[in-house]
Amino acid sequence: MTAYEQAVRNELTRWQQAMQKPPSAFGRISTSLQHRINRIIPDRVHAVITATIKQMTRAVLFGAEFLNRTPVVGETLAQRDSAVAKRIDFYRKTSAAEGGVTGAGGFWLSMADFPILLGLKMKMLFEIASLYGFSVSDYRERVFILYIFQLAFSSQERRQVIYEYVANWPEHSRQLPEDINQFDWLTFQQEYRDYIDLAKMAQLIPGIGAAVGVVVNYRLVNQLGRTAMNAYRMRLLSENPALLERK
């Protein structure tokens, strides 16, 4: 096994363990703090965030905006990982720059960062799916993308549930309803909203919004990108372990 192959397997193992571990005491405290903060955030802020997530989720499931990606075929996992890492780096830098601009612009411009950042994240995930060779024209692949989103931005309890879906994707995908309207977007948007508020609300504070926007956006996009890499690695290697072989 090459150094690269060993590094991939080690990273994937660590990620799988992190997805399955039980909620920690710190996690429960953070969740309690999150709920307290949510209660003091103005309703109009919650309304904007919730509406944005709902609209983006439905666009992913129903719209054609993200579906113009051609799956990449005939490459090894190393080649796919390299291409994906470059796209993650692009979206990290783009989202950080966007967060800095909106964070420096006051409350309402900072609020505009939510839909912009969410759109960048979704575009990145669709690119990653195609680079790993999957066709997003199948709505089940779009559900897989939303599951990746939940793995990155949910409570540990929810993450454990979603991980089982992703780890057993061939079986789970066969159980998905033919009617796309039955997807549980409500749980999706609630988990994402609750997770994201604590980090992003600091961007609304005058004087530090720009710095927070740069750092938080960069970190969140990186977290999502690495989650996607490992989710697709796990899926590909379970189906075809030979992908780690170099050409």
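**Entry 1: Asn230**

I looked up Asn230 and found that this residue is buried, because its relative accessible area of 2% falls under the 20% cut-off. I note here that the model is predicted, and I read every value below with that in mind. Asn230 lies in helix H11, which covers residues 209-239. I then asked which residue the side chain of Asn230 meets in a polar contact. The partner is the side chain of Arg233, at 3.3 Å. Leaving aside residues up to four places away in sequence, I recorded that Asn230 touches Glu11, Leu12 and Trp15.

**Entry 2: the chain as a whole**

I next turned to the protein chain and counted its elements. The chain has eleven helices and zero strands. Buried residues account for 47% of its 247 residues. Among contacts between residues at least 6 apart in sequence, 83% join residues at least 24 apart.

**Entry 3: the largest nonpolar core**

I asked which residues touch the most other members of the largest nonpolar core. They are Tyr132 and Tyr232, in a core of 54 residues. Helices H1 (3-20), H3 (43-62), H4 (77-103), H6 (113-131), H7, H8 and H11 each give two or more residues to this core. H11 gives the most, with eleven residues. As background, I wrote down that nonpolar side chains in soluble globular proteins tend to be buried together.

I then examined Tyr132 by itself. Not counting residues up to four places away in sequence, Tyr132 touches Leu77, Arg80, Asp81, Val84, Met229, Tyr232, Arg233 and Leu236. Arg233 in this list is also the residue whose side chain makes the polar contact with Asn230.

**Entry 4: helices H7 and H8**

I looked up how H7 (residues 139-152) and H8 (residues 156-167) pack. Their angle is about 145°, and their axes are 9 Å apart. The crossing is left-handed. On the H7 side I listed Phe144, Tyr147, Gln150, Leu151 and Ala152; these meet Arg158, Arg159, Ile162, Tyr163, Tyr165 and Val166 in H8.

Terms used: Residues are numbered from 1 along each chain as its sequence is written. This is a predicted model: local features need pLDDT of at least 70, side-chain atom pairs count only at pLDDT 80 or more; totals for chains, interfaces and linings use all residues. Side-chain values use heavy atoms; hydrogens and water are left out. Helices (H or I, at least four residues) and strands (E, at least two) are DSSP runs, numbered from the N terminus. Buried means under 20% relative accessible area, exposed over 50%, partly exposed in between (1.4 Å probe, protein chains only). A polar contact is a pair of N or O atoms within 3.5 Å; within protein, one must be able to donate a hydrogen and the other to accept it, and residues adjacent in sequence count only if both atoms are side-chain atoms. Contact means heavy atoms within 4.5 Å. Axes are lines fitted to C-alpha atoms, for helices over the stretch in contact, and angles run from 0 to 180 degrees between N-to-C directions. A crossing is left-handed if the near helix is turned anticlockwise from the far one by less than a right angle, and right-handed if clockwise. A nonpolar core is a set of buried Ala, Val, Leu, Ile, Met, Phe, Trp, Tyr and Cys residues joined through side-chain atoms within 4.5 Å.
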